[in-house]
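Morning, everyone. Please have a look at the screen.

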Amino acid sequence: MTYLIEGETGEWEVVIGLEVHAQITSKAKLFSGAATEFGAEPNSQVSLVDAAMPGMLPVINKICIEQAVRTGLGINAQINLHSVFERKNYFYPDLPQGYQISQFLEPIVGEGIITLDMPEGPRDIGVERLHMEQDAGKSLHDQDPKRTFIDLNRSGVALMEIVSKPDLRSPEEAGAYIRKLRAILRYLGTCDGNMEQGSLRCDANVSVRPVGETELRTRAEIKNINSVRFVMAAIEHEAQRQIDVYEDGGEVVQETRLYDANKDETRSMRSKEEAHDYRYFPDPDLLPIDLTQEFVDEIKAGLPELPDAKKQRFIDHFGVAVDDAATLVADKDTADYFEAMAEASDPKLAANWVIHELFAVLNKDGLSISESPVSSENLGKLVALIADDTISGRIAKDVFEKMVRDGDDPAQIVADKGLKQITDTGEIETMIDQLIADNPDQAQQYRDGNTKVAGWFVGQMMKASQGKANPQMVNELLKKKLG
Ligand code: MN
């Protein structure tokens, strides 16, 4: 499905590229041994290196290099055995060095691919590069009416900046890209993907062009968006703003804009005339990173199964539908939960129960799957009870409700409440005979060709059996008896 915006002069296409800053999962910072844990007392995790005291020298943290390589391999990207740290010079009050150590001309990871699962099919989005860099500290403006405080805990924390090609064409694709990238990072264990805590931040480059035009027009960059929903909303608004500018005869200027979630608008932060000249140059305090192919191969050999591979396995091995498989693997905990129950029951039915019944319960209470009131073992047992006809699907919903409430074992609930399905032909036949004898008019209507009455009989049978009669057997026997 193509996403186009109808303007007064015709249809417009939106072109989006995303720059994601992902905090590398590592106990220590990129160039110092200071801790990185979230939520610590301000300035309690700052080494002399992070505070940029004179004479301090950065020392590269090997774990961070491994994590960057692991991530590169996870997005099917070129790993550059030779890469270089450079100084990006700009003044920020919360960056005491006066420059950021980053990678520029020679990043550690080159081009890669991230495949999105869109409703209309898979979409490959190009990744331009992935480089390592340090994070800055944080200015606190709300602690005092006159003064600004600085918390340097984040200063020097390792980041991966992952830059996409301008391949995205709609807010939905941009949202799917972030969710997919986040899932891959979480599977790999290279970033926790927590956007509320700032472990994953997104800048969006947005431009528009009339349908049919092949050149890219001037883009605006929307900085530091911290939720998937806001990224999508910001893109939608920025695209509409640019279309309005063009249609009013104006020109879009290259600039950095901020998205204001409260007002749901973007506004200018700084224009190109004020753009920084970063004066990049190789950091003389750090040697280039030279990796061996063995080092890379070893990391590759240790990669976990990633979402795309897991999805394919769920389809091939368990026979799960493509959409359901994509939903299940989007979150690793959900995939693990499903897999634990799929082995012990009917996999397709298991997928259905996770995606519909369980998700409904979790969404209602705002729970993650690891907080589920029903264990995968018990839900697997419930599905097995349906699959082997011990209980009907309708009764299963009642049993499930009780499982959610009390966390009980489904087999126990079925036994205690006598919910076992009636599959004894003789017993069902006796009940049907009685029903027909009690309702001769309805039986006659059926024989006169009004087959819809069969539905009424089924309803009566389920009522009489308290939902326990096997519906399929009831249907068959009813037709036989009435006909
Ligand atoms: Mn950056």
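The protein splits into domain 1 (4-299), domain 2 (305-417) and domain 3 (425-482), with bounds from an automatic or database domain assignment. The centres of domain 1 and domain 3, taken over C-alpha atoms, are 65 Å apart.

This is a predicted model: local features need pLDDT of at least 70, side-chain atom pairs count only at pLDDT 80 or more, and totals for chains, interfaces and linings use all residues. Residues are numbered from 1 along each chain as its sequence is written, and side-chain values use heavy atoms, with hydrogens and water left out.

Now the helices, which are DSSP runs (H or I, at least four residues) numbered from the N terminus. Helix 6 (residues 322-329) packs on helix 8 (residues 347-365) at about 60°, their axes 10 Å apart. Axes are lines fitted to C-alpha atoms over the stretch in contact, and angles run from 0 to 180 degrees between N-to-C directions. Helix 6 and helix 8 are therefore oblique; under 35 degrees is roughly parallel, over 145 roughly antiparallel, 65 to 115 roughly perpendicular, and the rest oblique.

Which residues of helix 6 make the contact? They are Asp-324, Thr-327 and Leu-328, against Ala-351, Val-354, Ile-355 and Phe-359 of helix 8, where contact means heavy atoms within 4.5 Å.

The other pair is helix 1 (residues 62-74) and helix 2 (residues 171-188), at about 130° with axes 10 Å apart. Helix 1 and helix 2 are therefore oblique too. Here Arg-70, Thr-71 and Gly-74 of helix 1 meet Ile-184, Leu-185 and Leu-188 of helix 2.

Definitions and conventions: Helix = DSSP H or I, 4+ residues; strand = E, 2+ residues; numbered from the N terminus.
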